[in-house]
Amino acid sequence: MLLIDLCIQGLIQGAIYALIALGLTLVYGLLRILHVAHAALFTLGGYVGVVVTNGSGSFLLALLTAMLIVGCVGMASYRVIYKPLLMRPPLIALIASIGVFIASEELFRLVFGAYGLSYTNPPLKGQVEILPGISLSHARILVVVLAVGLLSGMGWLAVHTRIGIAARATVVDPAMAASSGVNVETIRYASFFIGSAFAGAAGVMVSLLNNLVEPTMGAVPSYKALAIIVLGGLGSVRGALVASLALGVIEAFGTIYVGHILDRDSIAFAFLIMILMVRPQGLLARG
Amino acid sequence: MPDAVPFHFMYAHNAPVRFVGGAQHEETEMRHYIKSALSTGMLATGVLAAGVLVAGSMVMSASADTIKIGFNVPLTGFAAADGQSALHGAELGVGQVNAAGGINGEMLELVVYDDQASPKEAAPLAVKMITQDEIVAGVSGSYSGATRAAATIFAESKVPYISAYAIHPDITRAGDYVFRTSFMGEVQGRAGAKLIGEMLGKKRVAMVTLNNDFGKSLATGFKEQAGNFGIEIVAEYEYSIKDREFGPIISKIKADKPDAIYASGYFFTAGPMVSQIRAAGLDQPVVGQEGYDSQKFIEIAGGASEGVLITTSLDRDSSAAETKDFIKGFAAKAGYPADMVAASAHTAILVLADALKKSGSGDKAALRDAVAKTDLTASTGHISFNALGEVQKDVQVQIVKNGNWHHHSVISDAVLLAPPAQ
C-alpha cells in the first residue's frame, strides 16, 4: 500500500515537472537556447493564481488568467530577450536568460513582498478516497487531470493541425520549413505562448499544494527542468514527459529510502548521471 | 539539420540560426561581446559605487555624535523575509533606547548592510563595518553561514559581536568577543524531547529533519535526550531547505503510525509541511521550533496550524513589561505581528545598549566584559551568558490557537537547557 501511495505521490510531482519542462524543451527544439528564465514564468503563474483567487474568489478564473498572462509574458520574453540575440552564440542568450531569472526573483520580492503570498481561503481542499486507505485532496487530483488534459491537448494539436505540423517541421529543419511557406516567427511565438502558459498552470497548482508563493519558488525548477530535458533527450517532447514522470517517482522513493544520504536534488542528478552513462543522448532521442 | 540533437549542456555549437562565418569571425565576435560586457560591467560598478558613496555620506552626515552599532542582515535573497523582520526589531530597539535618552546622552545609530545571508557577503561587510564605519560593536540579524564568517572577523578585531538568532555552535567559538542571545539548536532539541516525552506523554515519535545546520543540531539535541524521556524514535526523514512538497515523507509517516511528529524547519517549509500533513489525514501532534515562529506560518498552514506546538524565545502572552512593549511596538512599526527573529534582534540591541551604559567609555574590551556580565530582562526573557558567550534563559512553548500564537508552557530546567561552556 505504501508503495502504491509513493508511486502516486511521485506521479503527481512528475506531472508538475512535465508541465514545466514542456516549455523548456519546446524552446530548445526551436531555438537551441536553454531558457532558464522559464522558471520565472512558473513563479509568475503562482503569483497570478493567488492574487486573482484572493481578489475574485474564483480559482478557475485565476487558473485561466494565469495561463493567459504567463503565456503573453512568455511571448514577450522571446521578443525582448531572445529575438535580438538569435544571431549571437547561444551562450549569450543563456547568460541573458540567467540574468533575467535572477532579476525576476528580486522583482517579485519588491512587488509582492519577501514573505510570499498565500490563499486566504484555499480552494479544492476536499478529500477523495481513490483506493482503500489512499485518499488525495482535490487539488492533487486536479494536478494530474490538468497535466494529462493540457499535454494530450498539445499532442493532438501537434499531430492534427496545420500549425502543429508546421511547428514540428520547423524543429526538424527551420530553413526548409520556411522555404515551404511556414511562418517561423508565428511558430516561435505560439511555442512560447503554449510552453509558458503550461508553466503558469504548474505555478498555480504548486502555489495551491503548498499554499505559498515565494519570490524564490522558481529556483529549483530553473535547474531541475534543465536536467529533465537533458534526461529526456534535448528537444524531445515525449522524452521530457517520460523523464518528468520517472524523476517524480524516483524522487518519491529516494526521499524515503536514501533521503538521509542524498537530498531530493542529489537523487535527481544521480539518476540523471546514471542514465546518461548508459544513454548519452537521453531517454528518447527525438520525439 | 541532422535528426538527432547532439548533447551540449550549456553551449550548443550547432545553433541553426547563427553560423555565418568561420572561426576567425567567431573569435572577433566573441571579443566584441567581452568588450561590451566589460564596459557594461564597469558602468554598473560606477553607478553602484556612486550609490554607495551617496549612501555612505548620508551615514556620515547623520553621525556626528552617535554610537554606531553594525548590523548585517539579509534584505535580499532567500532569507529576506526574516531579514526584514530582524531589521524592524533592531530598529525598534534602537528607537526605544534613543527615546529613553540614549547611552548616557549619546544616541545609538544602526549601520545596516545587506549580507544576503551569504558568507561571502558577510565577511567583507564585517571588515567594512569595523575599519571604515568604526562601529563599537556588531549584531548579526542573519543566518548561520553569514554569521560565522563575520564572527571570525569580529573576534580577530576584538570588536564585540552578538548573533541574534543564528544557531550554529561554532559562532561563539570564534572567540571571546562573540555572544549569542538565542538558543543553540541542541538546547532547543533537548527542550523538544522533554515537551513530547514528558509534558505531552507521547512516546513513539517520527522525526522530519531539515538537513542544514539548524535542523541537524535540533535533531542532535532531541535524540540525545529522547531516551531520558522514554521516547522511541520510529523513523527520521530528512529534507532540504528548498523542498515544499512532502507527499512521499507523509505517506511513509502514515505507515509508521507515530504518536507525535517532531519536525524541524522554517515557517516557509513548515507551513506547507503541516498543511500537507493534515490534508493527508494525520492528526498526531506536530512539534516544531523557533523556525516556525512567525504569523506567516499560521497564514500558510491555515486551519492545519491549530494545535501545533513550538519551542521558542518569544512568549506572546507574557506579562513582562519588556515583552509587552516589544510586541506592541513591533506591530505598530512593522504593520504585522512580532516574530522570533524580530524579538531576538531587539534583545541583542538591548543587551548591547545595556553593556554600553555600564562600560561607559568607548573601550571595546570594557564593552566586551560588560556584555559578558549581562543580567537583563529583555523581550525574550531574562538574559545572561555562560563562559562561551551562550545565552542562558528559559524555553517558551507556544501553541497555535484560533489563528494566533499563544502561551502553552515554559521549560525552565537549567540543567537540561545548559548550553556548552567551551
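This is a predicted model: local features need pLDDT of at least 70, side-chain atom pairs count only at pLDDT 80 or more; totals for chains, interfaces and linings use all residues.
When the near helix is turned anticlockwise from the far one by less than a right angle, the crossing is called left-handed, and when clockwise, right-handed. Residues are numbered from 1 along each chain as its sequence is written, while chains are lettered from A and ligands numbered from 1 in the order in which they are written.

**View 1. Helices H1 and H8 of chain A cross left-handed.** H1(A) covers residues 2-31 and H8(A) residues 184-210 (helices are DSSP runs of H or I, at least four residues, and strands are runs of E, at least two, numbered from the N terminus). Their axes, lines fitted to C-alpha atoms over the stretch in contact, come within 8 Å and cross at roughly 160 degrees. That makes H1(A) and H8(A) roughly antiparallel (over 145 degrees; under 35 is roughly parallel, 65 to 115 roughly perpendicular, the rest oblique, with angles running from 0 to 180 degrees between N-to-C directions). Look for A:Leu19, A:Gly23 and A:Val27 among the H1(A) residues here, which meet H8(A) residues including A:Ser191, A:Phe198 and A:Met205. The contact of H1(A) with H8(A) has 15 nonpolar residues, four polar and one charged (nonpolar: Ala, Val, Leu, Ile, Met, Phe, Trp, Tyr, Cys and Pro; charged: Asp, Glu, Lys and Arg; polar: the others, Gly among them).

**View 2. Zoom in on A:Ile187, which sits in helix H8 of chain A.** Is A:Ile187 buried or exposed? A:Ile187 is buried, since 23 other C-beta atoms lie within 10 Å (20 or more count as buried, 12 or fewer as exposed and in between as partly exposed, with C-beta atoms placed from the backbone). Leaving out residues up to four places away in sequence, A:Ile187 touches A:Leu30, A:Ala166, A:Ala167, A:Thr170 and A:Val182 (contact: C-beta atoms within 7 Å). A:Leu41, by contrast, is 146 residues away from A:Ile187 in sequence and 19 Å away in space, C-alpha to C-alpha.

**View 3. Helices H2 and H9 of chain A make a right-handed crossing.** H2(A), residues 38-56, packs on H9(A) at an angle of about 130 degrees, with the axes 8 Å apart. The two are therefore oblique to each other. On the H2(A) side you'll find A:His38, A:Ala39 and A:Phe42, and these meet A:Pro221, A:Ser222 and A:Ala225 in H9(A). This contact has four nonpolar residues, two polar and no charged ones.

**View 4. Here chain A touches chain B.** In this view, 50 residues of chain A are in contact with 43 residues of chain B. Elements giving two or more residues to the chain A side include helix H4 (90-112), strand E2 (134-137) and helix H10 (237-257). The largest share, seven residues, comes from H1(A). By class, the chain A side splits into 25 nonpolar, 15 polar and 10 charged residues. The predictor gives the complex an ipTM of 0.90 and a pTM of 0.84.

**View 5. Chain B has 12 helices and 15 strands.** Its 422 residues are 53% buried. Of the contacts in chain B between residues at least 6 apart in sequence, 70% join residues at least 24 apart. The average pLDDT of chain B is 86, and 85% of its residues score at least 70. Over residues 1-63 of chain B, though, pLDDT is below 50, and this stretch has 34 contacts in the model beyond near neighbours in sequence.

Terms used
Two residues are in contact if their C-beta atoms, placed from the backbone, lie within 7 Å. pLDDT is the predictor's confidence in each residue, from 0 to 100.
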